[in-house]
Amino acid sequence: MASKDNGRTSNRGFASMDRDRQRQIASKGGESVPADKRSFSKNPELAAEAGRKGGRSVPASSRSFSRNPSLAAEAGRKGGQASHGGRGAAARPDGGD
């Protein structure tokens with residue numbers, strides 16, 4: 001049965017909360033993490049170690065990139081495009097990728 005509370009069917013959970021309460025909770029994100037560990041961009045060694053840990057957690061036989069180099073290359077290209085705001089080679093002065 002749906003309640004008459006903005007069409008919501010439940011009074012439970014984050015989505016059913018008042019927007020101001022949602023904002024209050026969301027604004028606390030990351031507070032429990034020390035400031036020096038909040039961003040990989042500030043600490044490349046931390047990012048590298050996290051990547052190594054992630055890689056070790058998956059058995060070698062299940063690692064898609066190790067079995068499919070072209071898949072890894074495609075992912076790298078997509079990541080490079082995304083990290084540059086979606087600009088393609090045409091937008092770059094040197095025309096390279």
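**Exercise 1.** State in what order the elements of the protein chain run from the N terminus on in this predicted model.

*Solution.* Step 1: take the inventory, which is four helices and zero strands. Step 2: read from the N terminus, which gives α-α-α-α. Step 3: place the elements along the chain. Helix α1 covers 19-26, helix α2 residues 44-56, helix α3 residues 64-67 and helix α4 residues 69-83.

**Exercise 2.** Determine which element has the lowest mean pLDDT and which the highest.

*Solution.* Step 1: for the protein chain, the mean pLDDT is 74, and 70% of the residues reach 70 or more. Step 2: among the elements, α3 has the lowest mean, 76, while α1 has the highest, 91.

**Exercise 3.** Decide whether Ser-16 is buried or exposed, and find which backbone oxygens its side chain reaches.

*Solution.* Step 1: locate Ser-16 in the segment before α1. Step 2: its relative accessible area is 14%; the cut-off for buried is under 20%, so Ser-16 is buried. Step 3: the side chain of Ser-16 reaches the backbone oxygen of Arg-12 at 2.9 Å, and that of Gly-13 at 2.9 Å.

**Exercise 4.** Find the salt bridges of the whole structure and classify the exposure of their residues.

*Solution.* Step 1: the search finds three salt bridges.

Step 1: in helix α1, Arg-23 and Asp-20 are three residues apart, so about one helical turn separates them. Their closest N and O atoms are 3.6 Å apart, and both residues are exposed.

Step 2: in helix α2, Arg-52 and Glu-49 are three residues apart and therefore separated by about one helical turn. The N to O distance in their salt bridge is 3.3 Å. Arg-52 is partly exposed at 44% relative accessible area, and Glu-49 is partly exposed at 28%.

Step 3: in helix α4, Arg-77 and Glu-74 are three residues apart, which again means about one helical turn. Their side chains meet at 3.0 Å, N to O. Arg-77, with 42% relative accessible area, is partly exposed; Glu-74, at 34%, also counts as partly exposed.

Note on methods. Residues numbered from 1 in each chain as written. Predicted model: local features only at pLDDT ≥ 70, side-chain atom pairs only at ≥ 80, totals over all residues. Heavy atoms only, no water. Helix = DSSP H or I, 4+ residues; strand = E, 2+ residues; numbered from the N terminus. Buried < 20%, exposed > 50% of the residue type's maximum accessible area, 1.4 Å probe, protein only. Polar contact = N/O pair within 3.5 Å; in protein donor to acceptor, adjacent residues only side chain to side chain. pLDDT = per-residue confidence, 0-100. Salt bridge = Lys/Arg side-chain N within 4 Å of Asp/Glu carboxyl O.
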